[in-house]
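This report describes a pocket and a helix packing. The sequence and the structure come below.

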Amino acid sequence: MSITKTNVEHVAKLARLDLSDNEKELFTEQLNAILKYAEQLNELNTEGVIPTSHAMPLVNVMREDVTKPSLPIEKVMMNAPDHEDGQFKVPAVLE
């Protein structure tokens, strides 16, 4: 597979980039060089290698939910700059 100048122009149009002719040529060469380098992976012997989605095994490190008693409302409201009827009072954001 190779990248053509037309491919570069198409992607530039999708990204709304205005590229000069020199930039189009440069990007075409650079992208083809990247693909050529990546093609080297096809030369690797992967026989017997199990396909993986992650390099390291995934483990769920979250703990089980456990209900605990909450702080008393009076203690919580001690840090509130303003409160009313056991709720935080904040400035109105809607008119």
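## Lining of the largest pocket

At least two residues of the lining of the largest pocket come from helix 1, and at least two from helix 2. Helix 1 contributes the most, four residues. Helices are DSSP runs of H or I with at least four residues, numbered from the N terminus. The lining consists of Ile3, Asn7, Val8, Val11, Ala12, Leu17, Leu19, Phe27 and Leu31. Eight of these are nonpolar, one is polar and none is charged.

The space in this pocket is about 150 Å³. A pocket is an open set of points on a 1 Å grid where a 1.4 Å probe fits, with protein on both sides within 12 Å along at least five of seven lines, and lining residues have an atom within 4 Å of a point.

## Basis of the model

The model is predicted; local features need pLDDT of at least 70, side-chain atom pairs count only at pLDDT 80 or more, and totals for chains, interfaces and linings use all residues. Residues are numbered from 1 along each chain as its sequence is written, and side-chain values use heavy atoms, without hydrogens and water.

## Packing of the two helices

Helix 1 (residues 5–14) packs on helix 2 (residues 21–39) at an angle of about 110°, and their axes are 9 Å apart. The two helices are therefore roughly perpendicular (65 to 115 degrees).

From helix 1, Lys5, Val8 and Glu9 meet Asp21, Lys24, Glu25, Phe27, Thr28 and Leu31 of helix 2, with contact meaning heavy atoms within 4.5 Å. The contact residues are three nonpolar, one polar and five charged.

Notes: Axes fitted to C-alpha atoms, helices over the stretch in contact; angles between N-to-C directions. Parallel < 35°, antiparallel > 145°, perpendicular 65-115°, else oblique. Nonpolar A, V, L, I, M, F, W, Y, C, P; charged D, E, K, R; others polar. Points joined across faces, edges and corners; volume = space filled by probe spheres on them.
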